[in-house]
Amino acid sequence: MSAPVIIIGSGFGSYQLIKTIRRTDKHLPITVFTLDEGHDYNKPDLSHVFSNKQNSADLIRLSAQEFASENNITLHAFTKVDCIDSVQQQVFVNGVAYPYAKLVLATGAKTFVPPMLGNATDSVITLNSLREFDSAQLQLQNAQTVLVIGAGIIGTEIAMDLNHSGKKVVVVDPSHGVMASMLPELVASALQKKMVNMGVVFEFGRTISSLNKTELGICATLSSDQTYTVDCVISAAGLKANVGLARQSGCKVNNGLVVNNQLQTSVNNIYALGDCAEINGKVMSYLQPILLSANALAKTLLGQPTDLKLPAMLVKVKTPHMPIQLGGSTVTDVASWQVDIDALGCSVKAYNEQKQIIGFVVTEGHMNNTFPLLRALPASL
């Protein structure tokens with residue numbers, strides 16, 4: 001039997017790749033190694049678990065065993081790959097060599113936890129996977145007060161969901177406002193005002209100096225010397241691609257695993273996909289580029305080399321009390337804005353120095369403007 005395609009990782013990109021391959025080829029040998037259980041679940045649902053009163057089991061679409069059986073793959077759950085021999089085309093697990101014809105690194109990313117002092121730093125919760133949520137769900141369910149580190153898209157979504165579920169929420173971020181790298185100030189300030197009116201407390205321009213355990217909970221001391229005593233702390237301070245294994249195997253690494261337009265790394269027959277892949281200088285941790293990457297890579301692995309094409313892509317911000325959708329460049333490289341605002345919401349167009357539209361943001365009652373604006377944007381790749 002010929003060597004299989006080996007995939008390391010069992011996240012959205014990995015499983016989308018497998019589903020796409022299986023639509024064309026039912027029998028190509030595929031082996032998956034994953035540190036997790038290997039269940040098939042929808043990761044964006046983690047932003048709504050609190051208000052939906054869901055537990056980890058509610059998020060599972062197919063168990064690991066069901067997914068493996070349905071898609072005819074060999075799945076090694078709770079299994080760490082120790083190293084890759086790219087010359088002999090083998091991966092090693094507990095001293096056993098597993099040969100591969102093609103290797104796909106879908107190793108994902110881990111949540112960045114800023115450096116802090118104190119004896120409670122090991123209590124910081126991250127929610128970047130089903131396994132992380134599963135281990136923290138009881139603590140989160142019982143918590144009355146939660147501190148969220150980070151006011152980017154994930155931190156903002158989680159903060160709104162926690163607040164909606166009845167918890168007191170404090171958000172700490174060194175930037176000047178919510179989703180500062182994604183939203184123009186007009187939209188960011190409107191979202192921030194709405195969340196403040198809901199009871200969310202923001203500490204901008206601040207970092208956390210220390211976290212210490214007390215009889216009343218965790219005492220967080222900010223860089224301003226302000227303190228908050230909370231039941232738990234969640235870090236949503238951004239993602240760092242898991243590149244250690246790939247770096248050891250000789251793959252070129254920057255912010256992620258550097259890949260070409262066919263998702264191949266700098267090492268022959270090794271590909272990267274999802275949150276760990278750097279495409280055209282960017283790590284794109286959103287479903288649409290990962291979905292399109294998986295679809296292109298499936299063709300390449302089946303013998304039809306296919307370049308990844310990325311259209312202008314839509315990002316939906318899961319803040320139900322103020323729905324927001326955006327596309328293109330909405331902060332970087334913006335020379336001017338055109339704003340259409342009324343009682344229903346707003347549509348904001350971003351233009352470059354050449355007066356070309358490069359991005360947009362729409363909110364609330366302006367959602368019907370989304371797709372005409374999206375069609376006006378240049379392709380991403």
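Q: Is Asp161 buried or exposed?
A: Happy to start there, with a reminder that this is a predicted model, where local features need pLDDT of at least 70, side-chain atom pairs count only at pLDDT 80 or more, and totals for chains, interfaces and linings use all residues. Residues are numbered from 1 along each chain as its sequence is written, and side-chain values use heavy atoms, leaving out hydrogens and water. Buried means under 20% relative accessible area, exposed over 50% and partly exposed in between (1.4 Å probe, protein chains only). Asp161 has a relative accessible area of 6%, so Asp161 is buried.

Q: Which residues is Asp161 in contact with, leaving aside its neighbours within four places in sequence?
A: Asp161 sits in helix α4, residues 153-164; helices here are DSSP runs of H or I with at least four residues, strands are runs of E with at least two, and both are numbered from the N terminus. The C-alpha atom of Asp161 is 7.8 Å from that of Val49, although 112 residues separate the two along the chain. Counting heavy atoms within 4.5 Å as a contact, and setting aside neighbours within four places, the partners of Asp161 are Ser47, His48, Val49, Phe50 and Ser51.

Q: What is the relative accessible area of Thr31?
A: Thr31 belongs to strand β2, which covers residues 30-33. Beyond neighbours within four places in sequence, Thr31 is in contact with Pro4, Val5, Ile6, Ile7, Thr74 and His76. Thr31 is buried, and its relative accessible area is 10%.

Q: How many disulfides does the structure hold?
A: A disulfide is a pair of cysteine sulfur atoms within 2.5 Å. For Cys83, the nearest cysteine sulfur is that of Cys251, 13 Å away, and Cys83 is in no disulfide. For the structure, the number of disulfides is 0.

Q: Which is the state of Cys83, buried or partly exposed?
A: For Cys346, a relative accessible area of 5% makes that residue buried. Cys83 has a relative accessible area of 32%, so Cys83 is partly exposed.

Q: What share of the residues of the protein count as buried?
A: The C-alpha trace spans about 65 × 55 × 35 Å along its principal axes. Of the 381 residues, the share that count as buried is 50%.
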